[in-house]
Amino acid sequence: MSEDLHNLYQDIILDHNKRPRHYGVLTDYTHTAEGYNPLCGDKITVFLIVEDTLIEAIQFEAACCAICKSSASMMTEVLTGKTLDEAESACQRVAELLSMDMDLTADLSKDGEIAALAGVRKFAARIKCATLPWHTYRSALDG
């Protein structure tokens, strides 16, 4: 990854940490779940409004590190307005981008801002921080 691209990805993560999108309790939610990473202490709660198969709204609250908060913020941006099938595809893509077993190249034009999460692969201990919001989203759907 070029230095310029690395800096851009870092800027995206810092921006989402400083100004998280869709932060706060969502009233009248239809689904919710709490996620916790005992290794680092990250805690997150995800709230969803799902009508039929459409994610009408998604928000979160968290006491967590910058990577977890940024990932949650990006997740809410990506999943809002998506069908559950589209959301599952996005979850799969994030898992691929963060997988140590795959050597994928992230692409802003294809992946949007979640491409910035690919840089977390360099720090194996932080992968759980980046995936916690996405796992918590799935837990909310599972009830």
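Guide: Let us begin with strand β2, residues 42–51, which is mostly covered, since eight of its ten residues are buried. The model is a predicted one, in which local features need pLDDT of at least 70 and side-chain atom pairs count only at pLDDT 80 or more, while totals for chains, interfaces and linings use all residues. Residues are numbered from 1 along each chain as its sequence is written, and side-chain values use heavy atoms, with hydrogens and water left out.

Visitor: What makes a residue buried or exposed?

Guide: A residue is buried under 20% relative accessible area, exposed over 50% and partly exposed in between, with a 1.4 Å probe and protein chains only. By this rule, buried residues make up 44% of the 143 residues in the protein chain.

Visitor: Why is β2 called a strand?

Guide: Strands are DSSP runs of E with at least two residues, whereas helices are runs of H or I with at least four, and both are numbered from the N terminus. The protein chain has five helices and three strands, in the order α-β-β-β-α-α-α-α from the N terminus on.

Visitor: How do you know that β2 pairs with strand β1?

Guide: Two strands pair if DSSP finds at least two bridges between them; β1 (residues 31–37) and β2 have seven bridges, in the antiparallel sense, and therefore count as paired. One of the bridges links Glu34 with Thr45 in β2. The two strands form a hairpin with four residues between them, and Gly41 in the turn has a positive phi of about 90 degrees.

Visitor: Where is Asp28, and why does it count as exposed?

Guide: Asp28 is found in the loop between α1 (3–18) and β1, and it counts as exposed because its relative accessibility is 68%. Asp28 also has a positive phi, of about 60 degrees, although it is not a glycine.

Visitor: How do you know that the radius of gyration agrees with a compact globule?

Guide: The radius is taken over C-alpha atoms, and the globule rule is 2.2 Å times the number of residues to the power 0.38. With 143 residues, a compact globule would have a radius near 15 Å, and the protein chain has 14 Å, which agrees. The C-alpha atoms fill a box of roughly 45 × 30 × 30 Å, taken along the principal axes.
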